[in-house]
Amino acid sequence: MTVALELPASTDTRDPQELLNAVAPHISELTLNVFDSGMSLWDREIALLLRDHTMVRDMAERILGNAVMYTVGCMEHPEVHLGVGKLVDIGVHQLILDTPVWWGICRLYNEGAYKHHAPFIARRRDGLCLRTAAYLKSIGFAVDEELWAIDGADCSPCDNKVPDSH
């Protein structure tokens with residue numbers, strides 16, 4: 001007896017740009033500030049990254065995309081210990097600093113609960129970044145392996161296991 005497995009014609013991956021733009025209807029604070037430019041949320045966060053950091057658009061998009069993947073992964077899977085490196089953390093901090101957008105993200109992906117930012121002082125050096133990238137891949141994200149490998153074992157001092165914290 002021969003058993004044939006049918007593999008899907010294409011692999012579905014979760015698009016961080018779509019995930020971020022889906023937050024727009026969940027933003028209720030300071031909407032004039034957030035939506036006055038007419039930009040999508042994705043383009044807004046890219047513009048803010050470019051305004052505040054020395055990088056080209058391609059790098060800003062790579063960083064933001066992986067930050068969205070990490071953020072959504074942490075919120076959807078609070079039972080899994082995840083961590084982020086310095087480079088991707090730039091994008092996570094961008095999301096947190098744009099508080100009306102952050103509240104919208106929390107409403108949509110964190111069951112409405114606010115996720116605080118409460119970092120430890122010391123950086124972790126246990127390879128959590130690489131394990132996080134592997135986990136994000138396993139839940140359908142196309143991670144930018146180069147960005148995660150840059151920090152490799154030198155993860156941020158953030159700990160998503162502190163109650164309601166990145």
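Of the 166 residues of the chain in this predicted model, 46% count as buried. The chain exposes about 8,700 Å², and carbon and sulfur atoms supply 57% of that area. Eight helices and zero strands were assigned, so that the pattern read along the sequence is α-α-α-α-α-α-α-α. Among contacts between residues at least 6 apart in sequence, 73% join residues at least 24 apart.

Helix 6 (residues 99-109) was examined together with helix 5 (residues 86-97), against which it packs. Two packed helices are described by the angle between their axes and the distance between the axes. For helix 5 and helix 6, the angle is about 100° and the axes lie 5 Å apart. An angle of 65 to 115 degrees counts as roughly perpendicular, and helix 5 and helix 6 are therefore roughly perpendicular to each other. The contact brings Leu95, Ile96 and Leu97 of helix 5 against Thr99, Trp102 and Ile105 of helix 6. Of the residues in this contact, five are nonpolar, one is polar and none is charged.

The buried residues of helix 6 are Pro100, Val101, Trp102, Gly104, Ile105, Cys106 and Tyr109. The buried residues of helix 6 pack against helix 1, helix 2, helix 3 (41-52), helix 4 and helix 5. Thr99, by contrast, lies in helix 6 but is partly exposed, at 38% relative accessibility. The C-alpha atoms of Thr99 and Val34 are separated by 9.8 Å, although the two residues are 65 apart along the chain. Just after helix 6, Glu111 adopts a positive phi of about 55°.

The relative accessible area of Thr132 is 0%; because buried means under 20% relative accessible area, Thr132 is classed as buried. When neighbours within four places in sequence are left aside, Thr132 is in contact with Tyr70, Leu82, Gly83 and Trp148.

Charged side chains were considered next. Side chains of opposite charge can pair when their charged atoms come close. A search of the whole structure finds eleven salt bridges. In one of them, the side chains of Glu76 and Arg14 meet with an N to O distance of 2.8 Å. Glu76 lies in helix 4 (residues 57-76) and Arg14 in the segment before helix 1 (16-21), so this pair ties together parts of the chain that are 62 residues apart in sequence. Glu76 is partly exposed, with a relative accessible area of 32%. Arg14 is likewise partly exposed, its relative accessible area being 24%.

Another salt bridge joins the side chains of Glu29 and Arg107, with an N to O distance of 2.4 Å. This pair also links distant parts of the chain: Glu29 is in the loop between helix 1 and helix 2 (31-35), whereas Arg107 is in helix 6, 78 residues apart. Both partners fall in the partly exposed class, Glu29 at 29% relative accessibility and Arg107 with a relative accessible area of 28%. Helix 6 therefore contributes buried residues that pack against other helices as well as a partly exposed arginine, Arg107, that takes part in a salt bridge.

A salt bridge between residues adjacent in numbering is formed by Asp52 and Arg51, whose closest N and O atoms are 2.7 Å apart. Asp52 is partly exposed, with a relative accessible area of 42%, while Arg51 counts as exposed at 60% relative accessibility. Elsewhere, salt bridges that share partners join Asp43, Arg57 and Glu61 into one network. Asp43 is placed in helix 3 and counts as partly exposed, at 29% relative accessibility. Asp43 and Glu61 are 18 residues apart along the chain, and their C-alpha atoms are separated by 9.1 Å.

Definitions and conventions:
Residues numbered from 1 in each chain as written. Predicted model: local features only at pLDDT ≥ 70, side-chain atom pairs only at ≥ 80, totals over all residues. Heavy atoms only, no water. Buried < 20%, exposed > 50% of the residue type's maximum accessible area, 1.4 Å probe, protein only. Contact = heavy atoms within 4.5 Å. Helix = DSSP H or I, 4+ residues; strand = E, 2+ residues; numbered from the N terminus. Areas by Shrake-Rupley, 256 points an atom, 1.4 Å probe, with all protein chains shown as cover. Axes fitted to C-alpha atoms, helices over the stretch in contact; angles between N-to-C directions. Parallel < 35°, antiparallel > 145°, perpendicular 65-115°, else oblique. Nonpolar A, V, L, I, M, F, W, Y, C, P; charged D, E, K, R; others polar. Salt bridge = Lys/Arg side-chain N within 4 Å of Asp/Glu carboxyl O.
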